Amino acid sequence: QVQLAQSGGGLVQPGGSLRVSCAASGSPLEKYAVGWFRQAPGKGYEAIQCIATDGTYTTFAGFVKGRFTVSRDTAKNTVYLQMNSLKPEDTGVYYCAAKSGWYSARPSDFGSWGQGTQVTVSS
């Protein structure tokens with residue numbers, strides 16, 4: 001079983017950048033696929049990107065292409081979501097989650113979740 005703890009987030013002006021961290025404990029992250037989800041106000045979970053056990057990743061949400069990047073630091077047992085050129089519509093609570101196996105965009109496939117991080121993009 002792996003536990004996830006998130007950090008980062010906050011208030012950012014449009015066009016700015018932010019990095020959200022997802023630190024794992026209890027098990028190495030390279031044994032899991034780690035997904036990033038966003039919950040916008042009044043909406044459910046939206047899959048953004050997912051990084052696989054080999055370090056490759058795929059993007060599910062078209063609106064973040066060219067702006068968001070997922071990476072993993074094995075030594076720190078941490079996965080990062082780098083967000084650039086942020087827009088007001090990117091606002092929401094961002095979650096990392098871990099699962100065994102391949103990529104997935106289904107929240108129900110993920111057994112371990114971070115606590116969520118608020119990201120607000122506003123002038």
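The whole structure holds 3 salt bridges. A salt bridge here is a side-chain nitrogen of Lys or Arg within 4 Å of a carboxyl oxygen of Asp or Glu. The model is predicted: local features need pLDDT of at least 70, side-chain atom pairs count only at pLDDT 80 or more, and totals for chains, interfaces and linings use all residues. Residues are numbered from 1 along each chain as its sequence is written, and side-chain values use heavy atoms, with hydrogens and water left out.

Take Arg-38 and Glu-46. Their side chains form a salt bridge, 3.0 Å from N to O. Arg-38 is buried, at a relative accessible area of 9%. Glu-46 is partly exposed, at 30%. The classes use relative accessible area: buried is under 20%, exposed is over 50%, and partly exposed is in between (1.4 Å probe, protein chains only).

Next come Arg-67 and Asp-90. Their salt bridge spans 2.8 Å, N to O. Arg-67 lies in the loop between strand E6 (57-59) and strand E7 (68-73), and Asp-90 in the loop between strand E8 (78-83) and strand E9 (92-99), so the pair ties together parts 23 residues apart in sequence. Strands (E) are DSSP runs of at least two residues, numbered from the N terminus. Both Arg-67 and Asp-90 are buried.

Now turn to Arg-106. Its salt-bridge partner is Asp-109, and the closest N and O atoms are 3.9 Å apart. How accessible is Arg-106? Arg-106 is exposed, with a relative accessible area of 57%. Asp-109 is partly exposed, at 34%.

Definitions and conventions. Helix = DSSP H or I, 4+ residues; strand = E, 2+ residues; numbered from the N terminus.
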